[in-house]
Amino acid sequence: MSRILVAYFSASGVTARAAREVADAVHADLYEIRPAEPYSAADLDWTDRKSRSTREMKDPACRPAMAAPVKDLEQYDTVFVGFPIWWYVEPRIVDTFLESCDFSGKVLIPFATSGGSGIGGAEKSLREHCPRADWKRGRLVNSGAAAWARSALGL
């Protein structure tokens, strides 16, 4: 049986809950993509044009530093990648994660949480940032994460 990792970024805890549900459902290890500088409530105020999250998302080249790299990635065959949708795509810290690892030959399956945006823009962006991975179709998992994760693996 292949080893599975659920890597996720969560700013408010919503995606973290979904990630734990996915990991429990498919017996996977968890890795939190944490920024070196944690986000404050003011940083996450998307209505403020000067907030950190707004500045990051307006700069496609922005790559926030991660607090710690994932360890022993080579042991995993499949990686679920979870995140909230920000400005119709994944947060830039997820791009930092994807570009800092070698995902050649690994299956990557995205999942996201969102208050209203779909995952389509993020799926396109993820493939551009990490073209060597074998990307599978993702899904918004505001609910039903466990059942979806099992079906994504054919279980």
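## Basis of the values

Residues are numbered from 1 along each chain as its sequence is written, and side-chain values use heavy atoms, with hydrogens and water left out. The model is predicted, so local features need pLDDT of at least 70 and side-chain atom pairs count only at pLDDT 80 or more, while totals for chains, interfaces and linings use all residues.

## Helix α3

Helices are DSSP runs of H or I with at least four residues, strands are runs of E with at least two, and both are numbered from the N terminus. A residue is called buried under 20% relative accessible area, exposed over 50%, and partly exposed in between (1.4 Å probe, protein chains only). Helix α3 spans residues 92-99, and seven of its eight residues are buried, so the helix is largely enclosed by the rest of the structure. The buried residues are Arg92, Ile93, Val94, Asp95, Thr96, Phe97 and Leu98.

Two of these residues also pair with each other. Asp95 and Arg92 form a salt bridge with an N to O distance of 3.8 Å; the term requires a side-chain nitrogen of Lys or Arg within 4 Å of a carboxyl oxygen of Asp or Glu. Both residues lie in α3, three residues apart, which is about one turn of the helix. Asp95 has a relative accessibility of 0%, and Arg92 has a relative accessible area of 8%.

## Other salt bridges

The structure holds nine salt bridges. An α-helix has 3.6 residues a turn, so residues three or four places apart point the same way. Glu56 is buried at 7% relative accessible area, and Arg52 is buried at 9% relative accessibility. Glu56 and Arg52 belong to a network of salt bridges that also links Glu37 and Asp43.

A further salt bridge joins the side chains of Glu123 and Arg137 at 3.6 Å, N to O. Glu123 lies in helix α4 (residues 120-129) and Arg137 in the loop between β5 (134-135) and β6 (139-140), so the pair ties together parts that are 14 residues apart in sequence.

## Aromatic pairs

Eight aromatic pairs are found in a search of the whole structure. Rings of Phe, Tyr and Trp (its six-membered ring) pair if their centres lie within 6.5 Å; planes under 30 degrees apart count as stacked, over 60 as edge-to-face and the rest as tilted. Phe9 and Tyr39 form an edge-to-face pair, with 5.9 Å centre to centre and 65° between the planes. Phe9 lies in the loop between β1 (4-8) and α1 (14-26), and Tyr39 in the loop between β2 and α2, so the pair ties together parts 30 residues apart in sequence. Phe9 is buried at 1% relative accessible area, and Tyr39 is buried at 14%.

In a second pair, the rings of Phe111 and Trp148 have centres 6.3 Å apart and planes at 55°, so the pair is tilted. Phe111 is in strand β4 (residues 107-113) and Trp148 in helix α5 (residues 145-152), 37 residues apart. Both are buried: Phe111 has a relative accessible area of 0% and Trp148 one of 7%.

## Ring cluster and nonpolar patch

Ring pairs link Phe9 and Tyr39 with Trp86 and Trp87 into a cluster. Arg52 lies over the face of Tyr39, at 3.8 Å from the ring centre; this contact requires NZ of Lys or CZ of Arg within 6 Å of the ring centre and within 35 degrees of the ring normal.

Trp87 also contributes, with Trp46 and Tyr88, to a nonpolar surface patch of about 440 Å². Patches are made of residues with over 30% relative accessible area and no salt bridge, with like charges joined within 9 Å and nonpolar side chains (Val, Leu, Ile, Met, Phe, Trp, Tyr) within 5 Å. Accessible areas come from the Shrake-Rupley method with a 1.4 Å probe; for residues, only the protein chains shown count as cover. Trp46 sits in the loop between β2 (29-32) and α2 (52-58) and is exposed at 62% relative accessibility.

Ser114 lies in the loop between β4 and α4 and is buried, with a relative accessible area of 15%. Its side chain reaches the backbone nitrogen of Gly116 at 3.1 Å. A polar atom of the Ser114 side chain also lies 2.7 Å from the backbone nitrogen of Ser117. A polar contact is a pair of N or O atoms within 3.5 Å; within protein, one must be able to donate a hydrogen and the other to accept it, and residues adjacent in sequence count only if both atoms are side-chain atoms.
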